[in-house]
Amino acid sequence: MGKLKTGIFSGSFNPVHIGHLALANYLCEYEGLNEVWFMVSPQNPLKAENELWSDELRIKLVELSIGDYPHFRASDFEFHLPRPSYSVYTLEKLREVYPERDFYFIIGSDNWTCFDRWFQSERIIAENQLLIYPRSGHPVDETKLPPTVHLLHTPVLEISSTFIRQALSEGKDVRYFIHPNAWEYLRKVK
């Protein structure tokens, strides 16, 4: 049997929403991934920390959202690595700890347009398979991608965690933008 094809969907998930879940579901059902790990990042080096919910809350919301779908896993792997959390080191450590898996790093086309700003971006591309999902306003020229980088043709759902946090701060009922289990939990704690 070949290695398990494991997608690493890394992000702050501040909070995780149905756009994240639908994309990961699509990757398992249509793009051949055996699993998608929601790698909750303790702090993105390119983002400000001021609006970041606690690590515990963000991982809890992912756990509640992925439920019993057998192809998803919530991961706090980066919580146990040195900070700041750089993707190149996370992917290196994953290959070391899980040699029975082939990892595919999942990023949005918005991140691809600034990927050269990522720490050791050339090494990430050289050592890993990347899957780029489309985001509105961030086209990718598929003909110019390195051999390890693949553009996906997934449905585009324009939902952002920023929108959800703003709506919650305004007392809006946005229950259909996040998983029902996460919504119920948030109603109790926020």
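Predicted model: local features only at pLDDT ≥ 70, side-chain atom pairs only at ≥ 80, totals over all residues.
A residue counts as buried at under 20% relative accessible area, as exposed at over 50%, and as partly exposed in between (1.4 Å probe, protein chains only).

Residues are numbered from 1 along each chain as its sequence is written, and side-chain values use heavy atoms, with hydrogens and water left out.

**Exercise 1. Work out which strands pair with β4, and whether β4 is enclosed.**

Step 1. Find β4 at residues 101-108; strands are DSSP runs (E, at least two residues), numbered from the N terminus.

Step 2. Look for partners, remembering that pairing takes at least two DSSP bridges between two strands. Strand β1 (residues 4-11) runs parallel to β4, with six bridges, and G7 has Y104 as its bridge partner. Strand β5 (residues 129-133) is also parallel to β4, through five bridges; here I106 faces L131.

Step 3. Check burial: seven of the eight β4 residues are buried, so the strand is largely enclosed by the rest of the structure.

**Exercise 2. Find the residues that touch the most other members of the largest nonpolar core.**

Step 1. Collect buried Ala, Val, Leu, Ile, Met, Phe, Trp, Tyr and Cys residues joined through side-chain atoms within 4.5 Å.

Step 2. The largest such set has 33 residues, and F9, V36, F38, F72 and I106 touch the most other members.

Step 3. A separate second core of 23 residues includes W37, F77, L94 and F115.

Key. Helix = DSSP H or I, 4+ residues; strand = E, 2+ residues; numbered from the N terminus.
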